[in-house]
Amino acid sequence: MATNAAGRKPETQLALVRRARKMNRILAETYPDAHCELDFRTPLELLIATILSAQCTDKRVNMVTPTLFAKYPTVEDYAAADPSEMEEIIRSTGFFRAKTNSIIGMARAVRERYGGEVPGKLKDLVTLPGVGRKTANVVLGNAFDVPGLTVDTHFQRLVRRFGWTEETDPVKIEHIVAELLPRREWTIFSHRVIWHGRRICHARRPACGVCPLAALCPSYGTGPTDPVQAEKLVRPGPFS
C-alpha cells in the first residue's frame, strides 16, 4: 500500500493507480504543449545537450549548443575535439571540464562500439561515458520514440509529494511509477511533471492555491493555499 496524507488511510495499489492516472490526465489538460525543452535535431545533439544540462538550466544549454553543434557536426568531430576549445564553448554550463571529458569519451565510445551512430537501446546507452539512466531515457523517449521515464530532481520531488512513493533512489522511483501509468505515457508524463515542477510545484514554496492537482495531492498546503498569494509564485515559462 502507498503512503497517503497524514490522517488518511493507506491507499491500495488499485486506488493509487487510479489516482495517478487521474493526475496524469489533469497534467495533460494543464500542459497540452509539454515537450523536451532542450533544442536538438538528431539523437547525437540531444545526447550532448542532455549531458550539458546536468546542474544547468535548459535555457543556458540552448544558448551554448548552436555554437557547439556548428563546430562539431559529427561524432568524429567530437571524438577528435581539442578539450580546451570545447571547454571554452561550454564553460557557462558549469562543470565544463567534466562535461567535456564525458562528451569526448562518449563520442569515442559511439565511434568505436556503434559505428558512429548513437544506439537506441537503454542497455547500450548507459555504457557510454557521462550517460546514466536519466540521460538515456531522455534520448530514447525524445529522439527514438521509445517510452522512458526521466527521473530528474523535479520528477523525484513531485512523485513523492503526490504520495506515489517514499523512495529516494531514482531507479526504484522509475520502476514504481512505471507500474502506475501506461507505457505509452511514460515520456510525455515526464515532460508534464517537469513542466509542473518548474512552473507551479516549486521545491521551496509550491503554488498550492492555484495547483490543478490540489484535490488529489496529499501534500496540498506545503505552499500558500490562498489563490492570490499562490498566483504570485507561478513561473509561466517557457524555460527553453
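**Pockets, cavity and domains**

Mentor: By class, the lining of the largest pocket has 10 nonpolar, 14 polar and 8 charged residues. Here Ala, Val, Leu, Ile, Met, Phe, Trp, Tyr, Cys and Pro count as nonpolar, Asp, Glu, Lys and Arg as charged, and the others, Gly among them, as polar. Keep in mind that this is a predicted model: local features need pLDDT of at least 70, side-chain atom pairs pLDDT 80 or more, while totals for chains, interfaces and linings use all residues. Residues are numbered from 1 along each chain as its sequence is written, and side-chain values use heavy atoms, with hydrogens and water left out.

Trainee: What volume does the largest pocket have?

Mentor: About 770 Å³. A pocket is an open set of points on a 1 Å grid over the protein atoms alone, where a 1.4 Å probe fits, with protein on both sides within 12 Å along at least five of seven lines; a cavity is a set the probe cannot get out of, and lining residues have an atom within 4 Å of a point. Volume is the space filled by probe spheres set on the points, which are joined across faces, edges and corners.

Trainee: Which residues lie nearest the centre of the largest pocket?

Mentor: S53, C56, K134, D152 and R198, out of 32 lining residues.

Trainee: Why does the largest pocket lie between the domains?

Mentor: Because domain 1 (13-34 + 149-232) and domain 2 (43-144) both give residues to its lining. Those bounds come from an automatic or database domain assignment.

Trainee: And the second largest pocket, what space lies in it?

Mentor: About 150 Å³. Its lining includes R133, E174, H175 and W186. Each domain supplies at least three of the lining residues.

Trainee: New topic. How many cavities of 30 Å³ or more are there?

Mentor: The count is 1. The largest cavity has a volume of about 90 Å³. Closest to its centre are C201, P206, C208, C211 and C217.

Trainee: Back to the domains. What area is buried between them?

Mentor: About 660 Å², with 44% from carbon and sulfur atoms. Buried area is the accessible area (1.4 Å probe) that two parts lose on being put together, summed over both. In domain 1, T150, E174 and T187 lose the most, together 48% of what that side buries.

Trainee: How many salt bridges cross that interface?

Mentor: The rule finds 2 (a side-chain nitrogen of Lys or Arg within 4 Å of a carboxyl oxygen of Asp or Glu). Separately, look at R198: it forms a salt bridge with D58, with the closest N and O atoms 3.0 Å apart.
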